[in-house]
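Open your viewer and keep the selection panel handy.

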Amino acid sequence: MPSSPDPRTTTATGADVRVRFCPSPTGLPHVGLIRTVLFNWAYARHHGGKLVFRIEDTDAARDSEESYLQLLEALRWLEIDWDEGVEVGGPHAPYRQSERHGIYREVLDKLIAAGAVYESYSTAEEIDARNEANGRAKQLGYDNYDRDLTDEQKAAFRAEGREPAWRLRVPDEDLTYVDLIRGEVTFPAGSFPDFVLVRAGGVPLYPFVNPVDDALMGITHVIRGEDLMPSTARQLALYRALVDAGVTTFIPRFAHMPLVLGEEGNKKLSKRDPKADLFLQREKGFIHEGLLNYLALLGWSIAPDRDVFSLDELVTAFDIVDVNPNPARFDQKKAESINGDHIRMLDPDDFAGRLVPYLAGAGVIADPPTPVEGAMLAAAAPLVQERMQLLGDAPALLGFLFTDSVSYQEDALAALPANAGEVLVASVAALELLPEPEFTTAAVQEALAGALVAPAEDGGLGLKPRIAYGPLRVALSGRRVSPPLFESMELLGKAETIRRLAALADARG
């Protein structure tokens, strides 16, 4: 007879929904981790429930305070808030595993009293020897040998100086649950042995403390990566024991999100891949709205024909049951394109303010900007907002407006036409005729069009705009690509514009 999900599985909805984000503080935050907290956050906010942020820091060899602080920095930059947990407190404190060892001991005592766990003295060598003697493959691991040790056998082991580990007595039956993303899943009876919850010496292990924390904190929905799905069988077995022992009253619902693949092949996006580095993406110039929008698309969509949406729209539409179980591929170009869409959605003043760290970091302006720099930035920012995908492009695009010294890029010089000198001289002559108060975008464009684009019979050089204006762009910015040309000239002013055009004309001989 096929098994069915445990009837004690939660039916929590609405404000009763409680999800958690429980990273280990090891290494830099990566985009896969951020997608996990994003989906949990969106699910909680969609239902009006709670997000709990706790830290799994029981691995002293790998955990670090630096990584913990980076996690906090990441969530604050992304503007992902939480209702309970580290830094904000709550009714289930403390929220760091390293501070909860007394709690784990109390739960273990309850499981001992309920007969759900037992003392295990078998060493790895003894387990291997028994498996070999019984013709059992070593990879099958523990053989449940210690389940029925007598008091005399236990006393004999203790007399040898051995300390027991504590193993869960796994039920001898199928374990079934309904994954909110993948549907019904069954783990056949005997597919895994009794497993250690607490090592000899009293050290609690992750397969114990993670579900115990979820149980004690009332987590109703466990939303996590597909790579953790195999551990669900053990968690279900432990949860049954926790309910029977009175530690909790329900079993949570589980949802396993699809893997995030790299841009090539079918391998999971490596934490060491630069694209996985959250702070590197921020350094390149992602804004949090754009990055979160893209990460939400790694397994979910708001509509078949729509990729760009606000965080408020994400919260309104998001439901974990709509997540696609198939692997999602990280596409850097698409991520940057969506980021550009969000940059264009920013208020101009907000956009200009977000450019400051990038410009200041490159030494282009001060932080905070001087009054003169602030005025120039406010005027220049709208010129690039429509064409920028990453804020990190700002120093290259706008730097020439904040300096008197232009550095010419080699590719820009190489692309200059043979008549560049003639074009620059003609431009200077045309612009010198404009009175200073009339040196506006429209007047500059009209004057240059008459001098460069108009046919010879009308007094111009008869050039195509691309040929006519390319040398001017290089003279002003040193680059082939820059903000709109005539607007840039107005910002620089008549004297500086003419000085730069003349400087490149002289350099060209």
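Which helices are included in what covers the buried residues of α17? Select α16 (420-432), α18 (465-477) and α19 (485-492), for these are among the elements that cover them, with contact meaning heavy atoms within 4.5 Å. Before going further, note that this is a predicted model, in which local features need pLDDT of at least 70 and side-chain atom pairs count only at pLDDT 80 or more, while totals for chains, interfaces and linings use all residues. Residues are numbered from 1 along each chain as its sequence is written, and side-chain values use heavy atoms, with hydrogens and water left out.

**Stop 1: α17**

Select residues 441-453 to bring up helix α17; helices here are DSSP runs of H or I of at least four residues and strands are runs of E of at least two, numbered from the N terminus. The 13 residues of α17 reach 17 Å from first to last C-alpha, close to the 18 Å expected at 1.5 Å a residue, where the expected span is 1.5 Å times one less than the number of residues.

Now colour T441, A443, V444, A447, L448, A451 and L452, the buried residues of α17. Buried means under 20% relative accessible area, exposed over 50% and partly exposed in between, with a 1.4 Å probe and protein chains only.

**Stop 2**

Axes are lines fitted to C-alpha atoms, for helices over the stretch in contact, and angles run from 0 to 180 degrees between N-to-C directions. To see the contact, show T441, V444, Q445 and L448 of α17 with F486, E487, M489 and E490 of α19.

The axes of α17 and α18 cross at roughly 120 degrees and come within 10 Å. On the α17 side, pick L448, A449, L452 and V453, which meet P465, A468, Y469 and L472 in α18.

**Stop 3: α13 against α19**

Select residues 371-385 for helix α13, which packs against α19 at about 175 degrees with the axes 11 Å apart. That angle makes α13 roughly antiparallel to α19. Here M376, A379, A380 and L383 in α13 meet E487, S488 and L491 in α19.

**Stop 4: α20**

Move on to residues 494-508, helix α20, whose end C-alpha atoms are 21 Å apart, in agreement with the 21 Å that its 15 residues should span at 1.5 Å a residue. Highlight K494, E496, T497, I498, R500, L501, L504 and A505, the buried residues of α20. They pack against α15 (410-414), α16, α18 and α19.

**Last stop: T13**

Finally, jump to T13, in the segment before β1 (18-21). T13 counts as exposed because its relative accessibility is 53%. Draw a C-alpha to C-alpha distance from T13 to G49: the two are 36 residues apart in sequence and 8.3 Å apart in space.

Terms used
Parallel < 35°, antiparallel > 145°, perpendicular 65-115°, else oblique.
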